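Please consider the structure shown below together with its sequence.

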Amino acid sequence: MPSSVNTFPIKISTNTLAKLTKLNITNIWDLALHLPLRYEDETHITPIADAQNGVPVQIEATVIHQQIQFRPRKQLVVQVQDVSGHVLYLRFLHFYPNQQKQLAEGNVIRALGEIRHGFFGDEMVHPKIRTDIDKGLAESLTPVYPTVNGLNQPALRRLIQAALKHLPADDTLPAELLQQLQLPPLLESLIFLHSPPPEYTARDLHEGTLPAWQRLKFDELLAQQLSMRLARQQRLNGHAKALTGNGHISEHLLANLSFTLTEAQQRALAEITDDLAQTHPMHRLLQGDVGSGKTIVCALAAAIAIEAGFQVAVMAPTEILAEQHYLKFTQWFSPLGIQIARLSGSMRKKARDEARKELADGTAQLAIGTHALFQDDVTFHNLGLIIVDEQHRFGVAQRLALKNKGEDVHQLMMSATPIPRTLAMSFFADLDVSVIDELPPGRTPVITRLVNTARRHEVEKLVKHTCAQGRQVYWVCPLIEESEVLQLQTAVDTVAELQTALPELNIGLIHGRLKPAEKAAVMTAFVEGSIQVLVATTVIEVGVDVPNASLMVIEHAERMGLAQLHQLRGRVGRGAAASRCVLLFSEPLSDVAKARLKVIYENTDGFEIARQDLNIRGPGEFLGARQSGVPMLRFANLEEDLPILEKARDLAPVLISQQPEVVNKHLQRWLSQRSAYLGV
Ligand code: ADP
Ligand code: MG
């Protein structure tokens with residue numbers, strides 16, 4: 001929307017309109033919903049003597065001295081005294097000539113800020129100064145809004161007050177419903193928050209339990225619930241090809257396996273098979289702990305789709321994982337005469353063009369790759385199923401791109417991370433879930449040891465011992481976020497060090513900078529056993545599967561997140577041999593690092609680890625939305641507002657079936673707002 005068009009029923013200058021656009025305010029409702037960040041109390045004067053340390057107060061006093069000091073740096077220091085006779089220093093590290101004028105000796109001023117009782121006396125740093133003291137005191141708290149340069153608080157306040165006067169008084173929700181929910185009308189709630197009644201303190205107003213806040217949170221969550229439900233209905237009414245196979249590929253695939261499926265795998269596969277046979281798109285999450293065997297389940301789903309005559313795309317979050325899948329799927333599918341195309345970001349143009357051609361003309365029935373699979377220039381002959389591995393590793397933007405590409409295609413997502421309950425009820429509400437809650441038989445739990453880096457030579461002995469028994473070892477180098485080059489250097493040093501200590505062993509190195517073909521060569525050598533110790537940067541984190549590896553050494557484990565540690569540890573313990581995971585750490589340990597190491601040491605169940613992880617990180621982190629900048633919810637907070645979320649969830653289906661006009665009205669008002677009601 002061009003910023004010069006005034007869609008407001010009040011007069012606003014072009015210049016101000018541009019500023020409002022910067023704040024994402026483009027209509028009268030946006031203005032009304034632009035709520036205060038905090039409130040300032042200018043309703044009374046506190047004697048300097050009564051001010052408590054660190055509590056914001058307004059004082060009224062006469063300037064008795066003004067001085068510019070140069071130590072420790074240039075600053076304006078103003079000495080004031082109030083009627084109680086107490087003296088206070090006002091300190092400004094940045095100041096303008098007109099402030100000096102405001103604070104001339106003899107002037108009476110009001111200053112708003114926190115008083116600190118310092119060594120040299122009481123002081124206020126950068127208080128807000130008022131000189132219009134003859135105007136009297138404010139009658140209620142003063143709201144302070146988020147704003148941009150060039151649009152000051154009083155101007156924004158005036159605009160919002162004008163907007164409130166022009167808002168239609170009719171509510172989106174019927175009065176009897178509000179009464180039942182014990183919620184106030186929306187307009188009343190907004191007026192309350194923008195101009196709080198005098199008896200409320202700033203602290204009261206920050207309480208999310210205030211009815212006015214509850215109303216806003218409820219409305220927002222209800223809009224999300226309604227749109228999610230409607231989206232689900234739309235999906236169920238939508239069209240996709242029903243994929244039913246005759247078993248000629250899947251049965252061969254099963255027969256060629258060296259193991260039989262666990263009951264949990266069979267159950268998940270049955271649920272997926274059911275979904276694929278429907279004429280509306282599947283939207284299912286396959287959830288199972290690291291090592292629970294999700295890959296074969298999705299391969300069997302792929303086999304069914306291919307039997308039905310359709311193409312399947314398998315997308316992985318990293319090139320190494322895509323490569324692993326490629327090797328595995330080749331081993332499973334090539335003997336059955338299935339053509340597989342590989343696509344990743346770092347491929348040469350010629351190979352890429354070749355793969356694109358095979359997918360466009362249908363020569364290849366399977367596509368395996370990174371998110372490069374869903375770039376604009378990739379077209380499929382007849383895509384029937386999309387499989388997304390390690391779904392939680394993809395950002396919101398990538399998920400949305402996929403959503404757009406795969407509108408009428410069945411989708412199967414896989415994740416080792418359980419979804420927190422509030423997210424399952426909100427952003428993930430349109431996702432059916434299958435759980436693999438059982439590990440393949442014969443696994444012995446991985447033994448975890450915490451070892452101080454100072455004792456790493458003992459760990460080298462353990463490496464030697466492990467390899468002497470014909471087993472293999474992963475050695476993971478520390479994550480160095482600041483510098484990829486430094487991280488690589490550390491890995492190179494580690495290889496040299498281990499090679500010196502253990503000259504009889506063959507030590508390989510894998511890292512993110514290698515070309516795909518080089519990575520593949522290293523991985524193949526490790527899978528075949530010609531490399532015994534694989535030194536790696538954290539690129540091996542997800543999905544790599546070499547059952548003969550029985551020792552995992554992780555350096556600087558204290559720098560890693562819980563999910564990452566659990567994923568890494570899950571690389572061993574995949575065969576029947578007893579496996580170990582050594583977590584090397586360096587002192588001193590922060591409290592958070594200690595807590596994390598304790599969790600990973602005490603737990604092997606990925607669901608429990610994830611639960612504790614979420615306690616630390618919160619659902620917002622989980623969604624990956626904070627990083628990608630996609631707005632989530634503006635008013636509700638999934639960490640705290642479960643009771644409201646439950647109410648909204650229960651009400652949504654009732655409204656949809658009984659009061660569609662209320663649904664329309666509510667969505668119309670709220671969908672123009674900036675929250676992301678999208679499902680994932
Ligand atoms: P994840 O769920 O972490 O993706 P994978 O699919 O990589 O796990 O499987 C882990 C290992 O377990 C693989 O080596 C796989 O071949 C093996 N596996 C899978 N299912 C079974 C089973 N039913 N019995 C024995 N081994 C299995
Ligand atoms: Mg996996």
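In this predicted model, helix H12 contributes 7 residues to the lining of the largest pocket, the largest share of that lining. The lining as a whole is made up of 39 residues, and those lying nearest the centre of the pocket are Phe259, Lys328, Asp545, Pro547 and Arg574. The volume of the largest pocket is about 1100 Å³. Sorted by class, its lining holds 16 nonpolar, 15 polar and 8 charged residues.

An oxygen atom of ligand 1 lies 2.6 Å from a polar backbone atom of Gly291. Two side chains also take part in such pairs. In Gln265, a polar side-chain atom is 2.9 Å from a nitrogen atom of ligand 1, while in Lys294 a polar side-chain atom is 2.9 Å from an oxygen atom of the ligand. On its own, ligand 1 has 570 Å² of accessible area, and the protein covers 88% of it.

Rolling a probe the size of a water molecule over the atoms shows where empty space is left. How many cavities of 30 Å³ or more does the structure hold? There are 5 cavities of that size. The second largest cavity has a volume of about 80 Å³. Its lining consists of Val290, Ala416, Thr417, Ala563, His566, Gln567, Gly606, Ile609 and Ala610. At least two of the lining residues come from helix H19, covering 562-569, and at least two from helix H21, covering 606-623. By class, the lining of the second largest cavity has 5 nonpolar and 4 polar residues, with no charged residue among them.

Where is Pro588 found? Pro588 belongs to the loop between strand S22, at 580-585, and helix H20, at 591-602. The peptide bond that leads from Glu587 to Pro588 is cis, and its omega is near -5°. The other feature concerns Asn24, in the loop that lies between helix H1, at 14-22, and helix H2, at 28-32. Asn24 is a residue other than glycine with a positive phi, near 65°.

Key: Residues are numbered from 1 along each chain as its sequence is written. Chains are lettered from A and ligands numbered from 1 in the order in which they are written. This is a predicted model: local features need pLDDT of at least 70, side-chain atom pairs count only at pLDDT 80 or more; totals for chains, interfaces and linings use all residues. Side-chain values use heavy atoms; hydrogens and water are left out. A polar contact is a pair of N or O atoms within 3.5 Å; within protein, one must be able to donate a hydrogen and the other to accept it, and residues adjacent in sequence count only if both atoms are side-chain atoms. Accessible areas come from the Shrake-Rupley method with a 1.4 Å probe; for residues, only the protein chains shown count as cover. On a 1 Å grid over the protein atoms alone, a cavity is a set of points where a 1.4 Å probe fits but cannot get out, and a pocket is an open set with protein on both sides within 12 Å along at least five of seven lines; lining residues have an atom within 4 Å of a point. Grid points are joined across faces, edges and corners, and a volume is the space filled by probe spheres set on the points. Helices (H or I, at least four residues) and strands (E, at least two) are DSSP runs, numbered from the N terminus. Ala, Val, Leu, Ile, Met, Phe, Trp, Tyr, Cys and Pro count as nonpolar, Asp, Glu, Lys and Arg as charged, and the others, Gly among them, as polar.
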